[in-house]
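Let's take a walk through this model together, starting with its sheet and ending at its surface.

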Amino acid sequence: MRPVRLTLQAFGPYPGRVVIDFRDAVEAGLFGIYGQTGSGKSTIFSAMTFALFGEAAKAEQDAPSLRSDHADPDIITEAEFVFDIGERRYVVLRRPDQMRPKARGEGETRSAHEAYLFDATGMALDAITDAARGKILAEKKVRDVDAAVVEMLGYGSEQFRQIVLLPQGRFEKFLSAKTKERLEILRELFDVSLYEKLMADLKSAADEAERQVRDERALCARQLAAEGFESTDALISGIEAATGKCAELRANEETGKATLEAAEKAVRQAEAIEEKFATAEKMNERLRALEAQKGDVETLSEQVRQAERARGLIDVEERVGDAEREVGEAEGARKKADEASELASREAEKAAEALRREDDRADEVETLRRRSDELERYGRILEAAADSNKAVETALKEQRDADNAFQAAKAQLDLPGKSGEHQLRNQEVFYGKRKQTDSGVSARSGASGADQRPDAA
């Protein structure tokens, strides 16, 4: 609960209307109310207590005695308190029992205790006036307002005096109260029902756990007795002995495994050696079979050598045929070169005749120059033709040499008693000559082709 505004009228030492705004003090945090003795500090706490619960700050003080003795008889004694709880705002208004002048005639009449409770959530403080205090929650009936206020705050006037308000001299009373009384006050002030339930659940769980431990211990004792152990110490000794025996057996097992592995390794080595002996025996059998076929192999080798010699003769005949074809091609090229030479000679004669004719024609110098260029080209053709004739003659000579070498090789092959090595030397001699002939013919054939190009043009 946070105080917002307190309005007093004809209350205690205040004969008129007094408004106390707590907003700045509450925003500042901790604040104090101080003044000289009798200045009205306690009256402020009494007004809060009266507005909320209809009682004075001092339990022994009656509510009617709160009216100011200095106030005019026509002014009504009342206390209005605006306070916030969380995000909600409330307004409570109370008027105590008091004597008032009669509306008609002389004398006084008593006004009964009145109380009003409003919900002013969302209203600004300046908007809360005597004409507008918010939505009415309870009015006039004091008991309804008291119950609503206690329900909202969670405590009554006695707890408010002891915990919240703590007027002068009352804090000592709270401290000197018995533990049970203080617990009751704190339980009413703070909702500890959740923690009480949690404490009860924890106590129940602890009792259940203790019962389970007792049952488990009894079961363990019965099982130990059934197995022949007097106590857990005897069981531990038995476990240690069994552990030692188990370690010994495991060591024996490891030794046996090592022996088994060594034996298996020896068996595998013996199997490998046996397999090698079997392989050697198979190789010996194959060697004996090959030795038995040695005569057939020698016969086949002699046949292979004869076949190789025959294939050499076939190669010689093929090369001689190639040489004859190339000689024929060279003769054809020579004929074409001769024809081109004759044609060039005729063209040269014509050109010379034309040159003589053109010498007399001074105005056609440019034509004669072009003709001269043609004559130079024909001269180059003649030179090429002469080179072609030389190449043909060389090719014919090499052909004759190749024929002679072929006849000599053939005669050597027909001679009886000649070894294959002598025949191969003859073939090598022939091959050397043939290579020279091939290279010469190819080069001259190229030259012949060059000689024929101008003729074709």
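How many bridges join strand S7 to S8? Four bridges link S7 (residues 114-119) with S8, and the two strands run antiparallel. Within this pairing, tyrosine 116 has glutamate 139 in S8 as its bridge partner.

A word on the source: this is a predicted model, in which local features need pLDDT of at least 70 and side-chain atom pairs count only at pLDDT 80 or more, while totals for chains, interfaces and linings use all residues. Residues are numbered from 1 along each chain as its sequence is written, and side-chain values use heavy atoms, with hydrogens and water left out.

S7 and S8 belong to an open sheet of six strands, ordered S2-S1-S3-S4-S7-S8 with antiparallel pairing. Strands pair if DSSP finds at least two bridges between them; helices (H or I, at least four residues) and strands (E, at least two) are DSSP runs, numbered from the N terminus. At the edges lie S2 (14-21) and S8 (135-139), each pairing on one side only. On average, neighbouring strands are turned by 15° against each other, direction ignored.

Axes are lines fitted to C-alpha atoms, for helices over the stretch in contact, and angles run from 0 to 180 degrees between N-to-C directions.

| Helix | Strands touched | Angle between directions |
|---|---|---|
| H2 (residues 41-53) | S1, S2, S3, S4 | about 100° with S1 |
| H3 (residues 142-153) | S3, S4, S7, S8 | about 45° with S7 |

Finally, have a look at helix H7 (residues 193-227), where leucine 198 is found.

Conventions:
Contact = heavy atoms within 4.5 Å.
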